[in-house]
Amino acid sequence: MPLGRPRRFELTLSSAERTELTAWAQSRALPHGLVERAHAILLSADELANTEVAVRVGLSHPMVGHWRRRFHADRLAGL
């Protein structure tokens, strides 16, 4: 069993996912939480560290990791 913290996995987005997430991140009609999560995933896909994403989006570091894992597991439906 490996010891220590798990490695951060790379998020790759399809063009359709990137388009959808960009629309969500720019929306003024969607719930604010969904807009924040979409923005966090877009920044994560651009290979920013969770700490940097947290500062830019206004989420806590653990929440960025939580939403990265959810997106990795369930894609758009996980948000």
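## Helices and the model

Helices are DSSP runs of H or I with at least four residues, numbered from the N terminus. This is a predicted model, in which local features need pLDDT of at least 70, side-chain atom pairs count only at pLDDT 80 or more, and totals for chains, interfaces and linings use all residues. Residues are numbered from 1 along each chain as its sequence is written, and side-chain values use heavy atoms, leaving out hydrogens and water.

Is Pro62 buried or exposed? Pro62 has a relative accessible area of 56%, so it counts as exposed (over 50%; buried is under 20%, partly exposed in between, with a 1.4 Å probe and protein chains only). Pro62 lies 12 residues from Asn50 in sequence, and their C-alpha atoms are 8.2 Å apart.

## The largest nonpolar core

A nonpolar core is a set of buried Ala, Val, Leu, Ile, Met, Phe, Trp, Tyr and Cys residues joined through side-chain atoms within 4.5 Å. The largest one here has 12 residues, including Trp24, Leu34, Trp67 and Phe71. Helix 1 (15–26), helix 2 and helix 4 each supply at least two of its residues, and helix 2 gives the most, with five.

## Helix 2 meets helix 3

Two packed helices are described by the angle between their axes and the distance between the axes. For helix 2 (residues 32–45) and helix 3 (residues 50–57), the angle is about 145° and the axes are 10 Å apart. Axes are lines fitted to C-alpha atoms over the stretch in contact, with angles from 0 to 180 degrees between N-to-C directions. Contact means heavy atoms within 4.5 Å; among the residues making it are His39 and Leu43 of helix 2 and Val53 and Arg56 of helix 3.
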